Amino acid sequence: MPALRMRVRAGVAVGALVAALAGTTSARGATAADPTDGWTQKSFSYSMQKPYDLDLGERYSYDSGTKTHTMWVNSTDKPFEEGSSTNPRTEMRWKIDYTSGKHMWDADVYVPSGTNGADIMQILRTKRPSGTPATDIMFRASSANGGTLKRYTNEVIKTGIYNTWWNLKVAHDASAGTIQVYADNKLVLTADDRGEATRYFKNGVYHHGSGKAEARFRNVRYWTK
């Protein structure tokens, strides 16, 4: 009988995160490989963006027991800095800026019912050629079908997302220019990025809709390969 190598994964990346290395596992029979197989978990840090006229605690909370980040914003809130024409947001801005290589964002996600028209995760292109888009990819939550997550307003990533925890992984091969998206560890989308740029991950709520938008994140992890 073939030996089964067991995987040990230690550490959860949150806050000013220091993560343990993740091992690998071999699949047996029809068991699908974990999307993180062959990847290395790394530490990361982040800053918070929120309406400029509010204290962070008015739009963000962290539960140290469950290691859950909760972010919310109202459609009437101010932008993240005075004079900005952008929509209201409360987001974690990852302090990992990259131009090449393989990078993966990974987290369990919970979107409460009523959140409609809010982007909950994106790859932002902070330095890019003039005239090119500001993002490589962005995921928007809407109220259709018990809560639906789409790439922008196009391809469906997952339905029935309201009021339940599920896992989202976004793997970016910046050297090859491709992005793979996994919902509950199943590959649901492969897309091209928008070309050469310096970029970083963000997650939270960036609100295009009306009313209140909220998203929660736990087991937030960063992987490289």
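The model is predicted; local features need pLDDT of at least 70, side-chain atom pairs count only at pLDDT 80 or more, and totals for chains, interfaces and linings use all residues. Residues are numbered from 1 along each chain as its sequence is written, and side-chain values use heavy atoms, leaving out hydrogens and water.

The chain has 0 helices and 15 strands. Both are DSSP runs numbered from the N terminus: helices are H or I of at least four residues, strands E of at least two. Of its 225 residues, 48% are buried, meaning under 20% relative accessible area with a 1.4 Å probe, protein chains only.

**Sheet**

7 strands form an open, antiparallel sheet. Its order is β2-β5-β14-β7-β8-β9-β10. Two strands pair if DSSP finds at least two bridges between them. β7 and β8 run antiparallel, joined by 6 bridges. A118 has A141 in β8 as its bridge partner.

| Strand | Residues |
|---|---|
| β2, edge strand | 46–49 |
| β10, edge strand | 156–159 |
| β7, joined to β8 | 118–127 |
| β8, joined to β7 | 135–142 |

**Cores**

A nonpolar core is a set of buried Ala, Val, Leu, Ile, Met, Phe, Trp, Tyr and Cys residues joined through side-chain atoms within 4.5 Å. The largest holds 40 residues; W105, L149, L168, V170 and F217 touch the most other members. Strand β15 (residues 212–224) gives the most to this core, with 5 residues. Another core, of 5 residues, lies apart from it and includes W39, A171, Y182 and W223.

Conventions:
Buried means under 20% relative accessible area, exposed over 50%, partly exposed in between (1.4 Å probe, protein chains only).
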